[in-house]
2 protein chains.
Amino acid sequence: MKRILLAACALAVCMTVSAQKDGGFLSPQGLWEKTAQTHRRADFPKINEEGEFWFRFAAPPTAEEVLLRINGKDYAMRTDSEGFWNLVFKSEKPGFREYHFVVDGTPVNDPGVIPVYVNGVTSAVEAPGLASDAFYLMRDVPHGDVREHWFHSGVDGNFRRMFVYTPAGYESETSRRYPVLYLQHGAGEDESEWTHSGLAAIILDNLIAEGKAEPMIVVMNNDFVYKKGDRIIRLALSENWSANFEEMFVNEVIPDIDSHYRTVPDNAHRAMAGLSLGGMLTSNIGIKRPDLFSWFGLFSGGVTDDPAKLHDGIMKTPAFKDVRLVFMSCGELEYPERVNKGAAGVNALGGRAKGVGYVSPGTAHEWQTWRRSLYEFLPLLFK
Amino acid sequence: MKRILLAACALAVCMTVSAQKDGGFLSPQGLWEKTAQTHRRADFPKINEEGEFWFRFAAPPTAEEVLLRINGKDYAMRTDSEGFWNLVFKSEKPGFREYHFVVDGTPVNDPGVIPVYVNGVTSAVEAPGLASDAFYLMRDVPHGDVREHWFHSGVDGNFRRMFVYTPAGYESETSRRYPVLYLQHGAGEDESEWTHSGLAAIILDNLIAEGKAEPMIVVMNNDFVYKKGDRIIRLALSENWSANFEEMFVNEVIPDIDSHYRTVPDNAHRAMAGLSLGGMLTSNIGIKRPDLFSWFGLFSGGVTDDPAKLHDGIMKTPAFKDVRLVFMSCGELEYPERVNKGAAGVNALGGRAKGVGYVSPGTAHEWQTWRRSLYEFLPLLFK
């Protein structure tokens, strides 16, 4: 039932549509193999067996130009006899594609889909993955819960939200304690996107059901922590972004998690990973604290080709003796050499920590890279 | 710190703004007393001490007309010297206000706020409540978690999502079992809105922290269940909307909850309530099944002035002997007489079930009515 459409990485094909094409398209409810959501009254976007999307927008009669802006490129839409603007589009890449319409210069999200957060609120569709990407499709296996968990932070003076994945079985095995992965998003996302755009809970459910990953708790916090008076630098970051996050994370988040959930509260059972900015946080904060963490994942962020130099050479010191894994990854179109050199650099130190490099075929700085990175990373943890 | 702004129910005041007005306005992060979320790079919307909102939209230079559409009414925005379109607006009512901009006829959500779902994806702001509305402001009390919980439904053949609130203490008191309230949204919302727009988790946290409500599990499902071949009638409902929901709810949801969570799985510890369409489901399904439920809440939906006639007079039969509460409510601008007559009708039957009517002062068919209804209803449950 959960068939994956095999979409070759074909060049984008754009064409206008005739009403007759309707027959071959699936309804929005059939989109994305149930991994994302549509507005329940929506008839569009649709997808067909060839992986082509049919986008439609109802602009007012006075509109002169409507574009589809997807992957940062613009494609002109055309009106049909009923006055709708249409475009059939085939993504050149598999996976998560953010998009919106542009009506006479004004960006407008697609009212047919539930938006996600990528540098702001935006629409997204899911282009069919390769056969090897089936790991992120929802299956009828036991599902963990993703919890919205609130705490009050003395660091920024606000109530803050984190998301906490607890694995299937957590509810019934009430005397069991679990290891914890702290997983951070990138500068474009917020704390909800590892499970929404990233499909992390589905990836975890599937790996745990197959016995490939240890049942674990996964904690996802927002990277952005502001103190009063902080100057804002690029990407809405405080000038003290890393130090602010470290203070909140170490002094408030970890104790909160260890007191609220059945964790094993030691460094052997605690991992930290992140994508992009989250990888930088992992490098800046996690690797400096091997008393807290023994497993690290740097996905398209915080990757260095000379890990021996990090934090005054901490990897060469006895402080690093418990560390088991430094995983580095990126997309093939990013910096694969740095990833491979970095992983080899960890192994060259000859310590207990194993360096592992992973390069996602054909992808760039994008969710498909990070979903695959997570899928490669999780089976290595807590073993 | 969590001060509530006292906003009288003043008439809407609209004016254009000059840049000097900036000083009196709070940043978006200060909006809504932390009960809703803004895009982290947003400078607008803002609110001032008088409860006035300052909306701003950056339309392209070619735009000829930009409107604020709020509460279903349009207000013309005006350009300033920097080319932004501005409007200062004071809501005539407290609470949740949905809105969007209309740029030359095209509806556009406000990129400054995280949208909610009200008959589709829309922007919303929170107008300052009355002093008596402070019950829905987040406080530094122990917080329950709101879990995204997935299951596979054989009724509609889809993976479905529900949200499950577990109270503070649920994690530590692992041998304790809890009563369950099943809480349904209205035709305009989805399963996420009782906790997002409705602030149900905050209301629960505050009442439980004060000892006014019993710690309970609250389960929120999507009202809409489709079977293949169903004809769609108004509001995107299947022609079999109530029967479809009943089949999924009784055969799949309740057993799933009783098997996954530490419930007390009997009718004395199970309640059902809902707003609007969710109240109709409660009346159609819940009241028919006193073997499953003993506590009912009908908020602006399913309210009848002759409860003795429901389900062939079931309230007068021995089947209803365990039922303890039939709560009916609406806004003062809806049908208060029906609510009061309905509650009196329950009491006139002389059974164990108590009829309680509640009318929300000054409100209509809107979230402020349902937040207040929930706040009045919860302390009556499971006691």
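**Helix packing and aromatic pairs in a predicted model**

In this predicted model, the axes of helix 1 (residues 200–209) of chain A and helix 5 (residues 367–377) of chain A come within 10 Å and cross at roughly 30 degrees, where axes are lines fitted to C-alpha atoms, for helices over the stretch in contact, and angles run from 0 to 180 degrees between N-to-C directions. That angle makes helix 1 of chain A roughly parallel to helix 5 of chain A, a label for angles under 35 degrees. Helices here are DSSP runs of H or I with at least four residues, and strands are runs of E with at least two, both numbered from the N terminus. The crossing of helix 1 of chain A with helix 5 of chain A is right-handed, that is, the near helix is turned clockwise from the far one by less than a right angle. Helix 1 of chain A contributes Ala200(A), Ile203(A) and Leu207(A) to the contact, and helix 5 of chain A contributes Arg371(A), Leu374(A) and Tyr375(A), with contact meaning heavy atoms within 4.5 Å.

Residues are numbered from 1 along each chain as its sequence is written, and chains are lettered from A in the order in which they are written. Local features need pLDDT of at least 70 and side-chain atom pairs count only at pLDDT 80 or more, while side-chain values use heavy atoms, with hydrogens and water left out.

Turning to the aromatic rings, a search of the whole structure finds 48 aromatic pairs over all chains, a pair being rings of Phe, Tyr or Trp (its six-membered ring) whose centres lie within 6.5 Å, stacked if the planes are under 30 degrees apart. The rings of Phe249(A) and Phe293(A) are stacked, because their centres are 6.0 Å apart and their planes lie at 5 degrees. Since Phe249(A) lies in helix 2 (residues 241–260) of chain A and Phe293(A) in the loop between helix 3 (277–286) and strand 18 (295–299) of chain A, the pair ties together parts that are 44 residues apart in sequence. Both Phe249(A) and Phe293(A) are buried, meaning under 20% relative accessible area with a 1.4 Å probe and protein chains only. Ring pairs also link Tyr182(A), Phe245(A), Phe249(A), Phe293(A), Phe296(A) and Phe320(A) into a cluster.

Finally, Thr263(A) lies in the loop between helix 2 and strand 17 (270–275) of chain A, and Thr263(A) counts as buried because its relative accessibility is 0%. Leaving aside residues up to four places away in sequence, Thr263(A) touches Arg177(A), Tyr178(A), Val180(A), Ile217(A), Ile257(A) and Asp258(A).

Note on methods. Parallel < 35°, antiparallel > 145°, perpendicular 65-115°, else oblique. Phe/Tyr/Trp six-rings, centres within 6.5 Å; stacked < 30°, edge-to-face > 60°. Buried < 20%, exposed > 50% of the residue type's maximum accessible area, 1.4 Å probe, protein only.
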